[in-house]
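Reader: I am new to this structure. Please show me how to read its features one by one.

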Amino acid sequence: MKKTGILATTIIGLAFAGTSVAQMSVEDQIEARQAAYQFMSWNMGKIKAQAVDEEVEFNPQQIVAAANAIAAAANSGLGALYSPDSAMDKAEDTRLKPEFFEQPEKAREVGGNFVREANKLQEVAASGDKAAIAQQFAAVGKSCKACHDNFRAD
């Protein structure tokens with residue numbers, strides 16, 4: 001798909017997502033974002049097992065599929081699943097620190113870095129270069145850690 005088509009699809013998807021997210025309960029917001037991150041973690045695990053730990057035979061098609069899934073989730077508008085009432089000081093079953101809402105510039109920076117690194121992983125995965133994939137995988141992991149360090153309680 002051309003970049004223009006991807007951009008148009010994303011914009012349309014976000015327009016509809018805004019309406020449906022506004023109708024979501026805090027509990028549903030938390031559950032949806034946790035499911036998205038679990039899905040990304042599962043796909044990160046596939047890449048780690050093949051390109052980093054080499055526990056599983058390297059399969060370029062599986063790496064591309066996993067990287068595509070991570071990038072798709074990263075670009076899906078996850079930020080809409082974060083409302084001030086969904087932080088751990090106001091909601092249950094979440095480890096989201098209230099600092100996420102007290103430091104919006106930092107939250108945007110960290111989130112933007114994650115999206116950028118996930119998109120780059122998608123590009124690098126398409127190359128099939130295992131060493132480059134492992135290196136970019138580490139960059140994505142670093143962006144995940146930055147969010148956890150700043151906004152996720154242990």
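Predicted model: local features only at pLDDT ≥ 70, side-chain atom pairs only at ≥ 80, totals over all residues.

Reader: How many residues does H2 have, and what span does H2 reach?

Author: Helices (H or I, at least four residues) are DSSP runs, numbered from the N terminus. The expected span of a helix is 1.5 Å times one less than its number of residues. H2 has 27 residues and reaches 37 Å from first C-alpha to last, close to the expected 39 Å. Just after H2, Glu54 takes a positive phi of about 55°.

Reader: Is Asn43 buried or exposed?

Author: Buried means under 20% relative accessible area, exposed over 50%, and partly exposed in between, with a 1.4 Å probe and protein chains only. Asn43 lies in H2, residues 26-52. Asn43 has a relative accessible area of 2%, so it is buried. Other buried residues of H2 include Val26, Ile30, Met40 and Ile47.

Reader: Which residues is Asn43 in contact with, beyond its neighbours within four places in sequence?

Author: Contact means heavy atoms within 4.5 Å. With those neighbours left aside, Asn43 is in contact with Ala66, Ala69 and Ile70. These residues also take part where H2 meets H3: Asn43 is among the H2 residues there, and Ala66, Ala69 and Ile70 are among those of H3.

Reader: At roughly what angle do the axes of H2 and H3 cross?

Author: Axes are lines fitted to C-alpha atoms, for helices over the stretch in contact, and angles run from 0 to 180 degrees between N-to-C directions. The axes of H2 and H3 come within 9 Å and cross at roughly 150°. Angles over 145 degrees count as roughly antiparallel, under 35 as roughly parallel, 65 to 115 as roughly perpendicular and the rest as oblique. H2 is therefore roughly antiparallel to H3. By class, their contact has 11 nonpolar, three polar and one charged residues. Ala, Val, Leu, Ile, Met, Phe, Trp, Tyr, Cys and Pro count as nonpolar, Asp, Glu, Lys and Arg as charged, and the others, Gly among them, as polar.

Reader: How are H2 and H6 set to each other?

Author: The axes of H2 and H6 (residues 130-151) come within 9 Å and cross at roughly 140°. H2 and H6 are therefore oblique to each other. The residues of their contact divide into eight nonpolar, two polar and two charged.

Reader: And how is H5 set to H6?

Author: The axes of H5 (residues 104-127) and H6 come within 9 Å and cross at roughly 165°. H5 is therefore roughly antiparallel to H6. The residues of this contact divide into 16 nonpolar, four polar and three charged.

Reader: Where is Phe151 found?

Author: Phe151 is in H6, and at 2% relative accessibility it counts as buried. Beyond its neighbours within four places in sequence, Phe151 is in contact with residues including Arg95, Phe100, Gln103 and Val110. Phe151 and Gln103 are 48 residues apart in sequence and 9.5 Å apart in space, C-alpha to C-alpha.

Reader: Where is Ala80 found?

Author: Ala80 is in the loop between H3 (60-74) and H4 (99-102). At 37% relative accessibility, Ala80 counts as partly exposed. Ala80 and Gln29 are 51 residues apart in sequence and 8.4 Å apart in space, C-alpha to C-alpha.

Terms used
Residues numbered from 1 in each chain as written. Heavy atoms only, no water. Helix = DSSP H or I, 4+ residues; strand = E, 2+ residues; numbered from the N terminus.
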